[in-house]
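Let's walk through this one together, question by question. Keep the picture open while you read.

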Amino acid sequence: RKEGRKERRKEGRKERRKEGRKERRKEGRKERRKEGRKERRKEGRKERRKEGRKERRKEGRKERRKEGRKERRKEGRKERRKEGRKERRKEGRKERRKEGRKERRKEGRKERRKEGRKERRKEGRKEERKK
């Protein structure tokens, strides 16, 4: 009778140890799964941050290119306006020179006509005296 009891206690201990091992293994699996999830979430966050940075850099480049284009267009307009002003000034000078020449020619003609009249009058007087 005593032997049986001893045997059952031994069996009980063995059983409990077995259960304990099973439980600990189960816990270990649970823990590892938990860790895995945590790790994957961490990786996901890291990846998303990386993507975000990449995206922001891309946007920044795009923005800078846009600004550059805008600046170049502005410069182009400025340059064209400058050229236009230069051209108009040139045209104005040309026009004034042309007007000046025209005026001088007119004056010259006027002067020559005056001289001609004077000369003819002189000739006429000379002619009168002769008679």
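Accessible areas here come from the Shrake-Rupley method with a 1.4 Å probe, and for residues only the protein chains shown count as cover. This is a predicted model, where local features need pLDDT of at least 70, side-chain atom pairs count only at pLDDT 80 or more, and totals for chains, interfaces and linings use all residues. Residues are numbered from 1 along each chain as its sequence is written, and side-chain values use heavy atoms, with hydrogens and water left out.

Q: What share of the protein's accessible surface belongs to carbon and sulfur atoms?
A: Start with the total, which is about 15,100 Å². The part that carbon and sulfur atoms hold is 46%.

Q: How many helices and strands are there in the protein?
A: Helices (H or I, at least four residues) and strands (E, at least two) are DSSP runs, numbered from the N terminus. By that count, the protein has 1 helix and 0 strands.

Q: How far does helix α1 reach from its first C-alpha to its last?
A: Helix α1 covers residues 2–130, which is 129 residues.

Q: Why does α1 lie largely in the open?
A: Buried means under 20% relative accessible area, exposed over 50%, and partly exposed in between (1.4 Å probe, protein chains only). The buried residues in α1 include Gly-20 and Gly-116. Helix α1 lies largely in the open because, of its 129 residues, the number buried is 8.

Q: Is Arg-56 buried or exposed?
A: Arg-56 sits in helix α1. Its relative accessibility is 58%, so Arg-56 counts as exposed.

Q: How far apart in space are Arg-56 and Arg-33?
A: In sequence, the two are 23 residues apart. In space, C-alpha to C-alpha, the distance is 34 Å.

Terms used: The expected span of a helix is 1.5 Å times one less than its number of residues.
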